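Hello,

Here is the structure I promised to pass on. My notes on what turned up in it follow below.

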Amino acid sequence: MEHTQTSSKHILRQQIEEGLTQLQRSADGLFLSGLSAGLDLGFGPLVAAAALTLLGGSGSALVEQLLVANAYTIGFVFVILGRTELFTEYTTLAVLPVLDRRAAVTRLGRLWGIVYLANLIGGLVFAAVAVVVGPAFGITEPAAFGAIATPLIAPASVTLFGGALLAGWLMGLVSWLVAAAQETISRVFFVWLITFVIGFTHLPHSIAGNIEVLLGLFGTTTVGLAEYGRFLAVATAGNAIGGTTFVALLKYSHVVRGGDRFGAESESENNG
């Protein structure tokens, strides 16, 4: 039992230190990293659309779901293992130093705003290029873009928000589990496992979903501008609340309450 408790404390300290590092980064560094993440993440939806195009409706629904979900993970592996800034990861990670009273809420708001905007711009650029290049090279059919976007815009706002809560929760777990993993292959597995679940169940991820819905908006008549705006607003709120509440707050609380000396030990390590 003691080993488990110590392991949890170590993960939390590591997460707090990483969060502090990102909170203290320059605005241009954060923006460029977030832009890179938004661009890289687009390869997942693009490969998913290519898989649907190749199947051409000839496969079963299960086969399509499995292929799309596996393709969906590709962009997340690029981003998380590549150490670029993703908004849904920092809805958890950057909150921890604030909870530990080592960073101000204003610094958190600054990081969220810069990374979120950069992620969206990167996704928009990727989607604008993909809807031209994909069909031109025979990689995707426009109908595949609509098929990927439709499950994200179809639910009512309340349902969409509930799904986004779950997606934010899962993305917070990615950060926690990757920090716990000792080897690169283990980190890849955890990223794949959790993002596969998000992709397989069509849970709304505000940044990856931004790209998916933009592909439908730019490449088809299936998605309207109002539907895109509704998706983005609801998914962003749900992801932020899910990651902050179910992972950052609960993980921090259970580790700190599990050991009275957590804060003092953290200070000792930092000063030593």
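Let me start with a salt bridge: the side chains of glutamate 17 and arginine 102 meet in one, at 2.9 Å from N to O. The term stands for a side-chain nitrogen of Lys or Arg within 4 Å of a carboxyl oxygen of Asp or Glu. Glutamate 17 belongs to helix α1 and arginine 102 to the loop between α6 and α7, so this pair ties together parts that are 85 residues apart in sequence. Helices here are DSSP runs (H or I, at least four residues), numbered from the N terminus.

Before going on, please keep in mind that this is a predicted model: local features need pLDDT of at least 70, side-chain atom pairs count only at pLDDT 80 or more, and totals for chains, interfaces and linings use all residues. Residues are numbered from 1 along each chain as its sequence is written, and side-chain values use heavy atoms, with hydrogens and water left out.

How exposed are the two partners? Glutamate 17 is partly exposed at 31% relative accessibility, and arginine 102 is partly exposed as well, at 24%. For these labels, buried means under 20% relative accessible area, exposed over 50%, and partly exposed in between (1.4 Å probe, protein chains only).

The structure holds 3 salt bridges. Another joins arginine 83 to glutamate 18, with the closest N and O atoms 2.8 Å apart. This pair also links distant parts of the chain: arginine 83 sits in the loop between α4 and α5 (87–93), glutamate 18 in helix α1, and they are 65 residues apart. Glutamate 18 is buried, with a relative accessible area of 17%. Then there is the bridge between the side chains of arginine 25 and glutamate 85, at 2.7 Å from N to O. Here the loop between α1 and α2 (27–41), which holds arginine 25, is linked to the loop between α4 and α5, which holds glutamate 85, 60 residues away. Arginine 25 is partly exposed at 27%, whereas glutamate 85 is buried at 2%.

Helix α1 (residues 2–23) also contains glutamine 15, which is buried at 1% relative accessibility. Its side chain makes a polar contact of 2.9 Å with the side chain of serine 175. A polar contact is a pair of N or O atoms within 3.5 Å; within protein, one must be able to donate a hydrogen and the other to accept it, and residues adjacent in sequence count only if both atoms are side-chain atoms. Leaving aside neighbours within four places in sequence, glutamine 15 is in contact (heavy atoms within 4.5 Å) with Leu93, Leu96, Ser175, Trp176 and Ala179.

Back in the loop between α6 (95–99) and α7 (105–136) you will find alanine 103. Not counting residues up to four places away in sequence, alanine 103 touches Leu20, Leu23, Pro97 and Val98.

Finally, a look at helix α10. After α10 comes histidine 202, with a positive phi near 60°.

Best wishes

Note on methods
Helix = DSSP H or I, 4+ residues; strand = E, 2+ residues; numbered from the N terminus.
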